[in-house]
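Here are some exercises to work through with the model open in your viewer. Try each task first, then follow the solution step by step.

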Amino acid sequence: MGGAAPTPSGKGGKKSLDASINLVPFIDLLSCCISFLLITAVWTQLARIDVTQKGGGAAGSSEEKPQEKQVQLTLFMDSKDGYTFKKSTGEEVSIPLKNGDYDLVRLGEVLTNAKREHPDKNDITVKASDTVVYNKIIATMDVALSSKFPDIGLADSGGGG
Amino acid sequence: MGGGGGGKHKGLIKQPGPRLGKHIPLKWISKGGHGKRSAYADLNLTSMVDMLTILVVFLLQTFSASGELLVVSKNIVLPDAANYKDLEAAPIIGIAKETVTLDGSPVADGNELAKDSGDWKIPDLHDKLVTLKNNYKLLHPSEEFKGQVIVQADKLIDFKIVKKVMYSCTLAGYANVNFAVNVKAKSGGGGGGGHE
């Protein structure tokens with residue numbers, strides 16, 4: 001049991017060389033560690049997604065570059081029409097609902113293409129209509145983050161407040 | 001003494017017969033036979049220590065240094081997201097179907113917010129947030145006010161309610177809105193982890 005047992009050699013075999021380590025304090029230490037970790041354990045992993053509010057009432061950042069040079073990317077969400085991805089240059093891609101749900105795969109492709117065309121562009125505005133479910137907005141933002149658009153703005157599709 | 005066994009006590013004292021000497025190397029005889037097993041049960045502690053070590057390693061892996069910043073209400077189911085950041089301490093706005101709370105105290109009725117109304121501002125929420133902001137500035141004069149607020153909304157809530165809450169936050173000076181999400185493991189193999 002937890003001991004080193006070298007084979008006795010010669011005549012000094014009378015005294016046992018079997019040294020046993022006292023495991024009790026070790027078990028005490030481990031028990032204390034387990035108790036502490038169990039008490040302080042966080043079982044539900046929660047995190048956050050940053051969003052900046054665009055449109056009415058938003059405190060827009062004043063450091064933005066002149067808008068003429070920057071292409072503005074906007075993603076419209078509607079519970080009936082699905083996604084509509086628009087660029088300020090006039091280009092528009094429509095992604096209709098697929099089996100009654102938002103087509104996140106197609107959206108991912110469109111956003112990845114947009115990122116490829118504008119690698120310096122980090123911001124995108126998601127404009128949702130009132131009836132869009134919150135869960136779908138988060139899923140959309142998740143796809144946008146996956147497509148390397150870390151600066152996501154959220155606005156009402158009506159265009160202000 | 002008692003060698004011959006004569007007299008009154010005849011029959012009680014007998015002459016001893018041959019005995020095993022200490023020099024005889026028969027352990028089973030020298031131990032004394034049946035019923036004299038040692039009272040000490042030897043517990044094998046090695047497997048127990050192994051188990052405890054594995055438990056400690058597992059718990060250390062799941063240990064979160066930041067602790068539990070957010071306690072999710074019973075009637076709120078958070079959405080999942082694979083791309084996320086760590087939570088930071090900030091006022092927490094809970095949006096359930098029935099009610100909207102700020103740090104646990106109700107500030108608006110969910111059913112009222114779901115109705116169409118011209119004004120997006122939630123007065124109670126706005127006022128309390130302004131108070132919180134003023135308190136923060138008073139208590140932390142040397143620190144910059146980040147204007148951060150955590151919104152934990154039920155995943156089936158309409159955007160209309162979220163929009164009103166965000167609008168009130170921005171009016172009160174909290175422009176940095178964070179949506180609380182459950183961490184979801186990435187399904188694909190592209191790029192390790194969603195942590196940013």
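**Exercise 1. A lysine in chain B**

Task: Decide whether B:K163 counts as buried or exposed, and find what it touches.

Solution. Keep in mind that this is a predicted model. Start by counting neighbours: B:K163 has 24 C-beta neighbours inside 10 Å, and because 20 or more are enough, this lysine counts as buried. Now look at its contacts. Leaving aside residues up to four places away in sequence, B:K163 touches A:D156 and B:W120. Finally, compare sequence with space: B:K121 is 42 residues away from B:K163 along the chain, yet their C-alpha atoms are 9.7 Å apart.

**Exercise 2. The layout of chain B**

Task: Work out how many helices and strands chain B has, and in which order they run.

Solution. Count the elements to get five helices and six strands. Then read from the N terminus, where the order is α-α-β-β-β-β-α-α-β-α-β.

**Exercise 3. Two helices within chain B**

Task: Describe how α4(B) and α5(B) pack, and name the residues that make the contact.

Solution. First, the geometry: helix α4 of chain B, residues 123-139, packs on α5(B) at an angle of about 35 degrees, and the axes are 9 Å apart. The crossing is right-handed. Next, the residues: α4(B) contributes B:L125, B:H126 and B:L129, while α5(B) contributes B:V165, B:S168, B:C169 and B:L171. Sorted by class, this contact has five nonpolar, two polar and no charged residues.

**Exercise 4. Where the chains meet**

Task: Find which element of chain B gives the largest share of the side that touches chain A.

Solution. Begin with the whole contact, which takes 49 residues from chain B and 41 residues from chain A. On the chain B side, the elements that give two or more residues are α2 (45-61), β5 (148-153), α5 (159-171) and β6 (176-183). Of these, α2(B) gives the largest share, with 10 residues. By class, the chain B side has 32 nonpolar, 10 polar and seven charged residues.

Now follow α2(B) across to chain A. Helix α1 of chain A, residues 24-39, packs on α2(B) at an angle of about 30 degrees, with the axes 9 Å apart. The two helices are therefore roughly parallel to each other. Their crossing is left-handed. Among the contact residues are A:F26, A:L30 and A:I34 of α1(A) and B:L45, B:L52 and B:V56 of α2(B). The contact of α1(A) with α2(B) has 15 nonpolar, two polar and no charged residues.

**Exercise 5. A strand with partners in both chains**

Task: Which bridge partners do A:V51, A:A47 and A:Q53 have?

Solution. Take the pairing between chains first: β3 of chain A, residues 46-53, pairs with β6(B) in the antiparallel sense over seven bridges. Here A:V51 has B:V177 as its bridge partner, and A:A47 stands opposite B:V181. Then stay within chain A: β3(A) pairs with β8, residues 151-156, in the parallel sense over two bridges. In that pairing, A:Q53 has A:L154 as its partner. Last, check burial: seven of the eight residues of β3(A) are buried, so this strand is largely enclosed by the rest of the structure.

Conventions:
Residues are numbered from 1 along each chain as its sequence is written. Chains are lettered from A and ligands numbered from 1 in the order in which they are written. This is a predicted model: local features need pLDDT of at least 70, side-chain atom pairs count only at pLDDT 80 or more; totals for chains, interfaces and linings use all residues. Two residues are in contact if their C-beta atoms, placed from the backbone, lie within 7 Å. Helices (H or I, at least four residues) and strands (E, at least two) are DSSP runs, numbered from the N terminus. Ala, Val, Leu, Ile, Met, Phe, Trp, Tyr, Cys and Pro count as nonpolar, Asp, Glu, Lys and Arg as charged, and the others, Gly among them, as polar. Two strands pair if DSSP finds at least two bridges between them. Axes are lines fitted to C-alpha atoms, for helices over the stretch in contact, and angles run from 0 to 180 degrees between N-to-C directions. A crossing is left-handed if the near helix is turned anticlockwise from the far one by less than a right angle, and right-handed if clockwise. A residue is buried if 20 or more other C-beta atoms lie within 10 Å of its own, exposed if 12 or fewer, and partly exposed in between; C-beta atoms are placed from the backbone. Angles under 35 degrees count as roughly parallel, over 145 as roughly antiparallel, 65 to 115 as roughly perpendicular and the rest as oblique.
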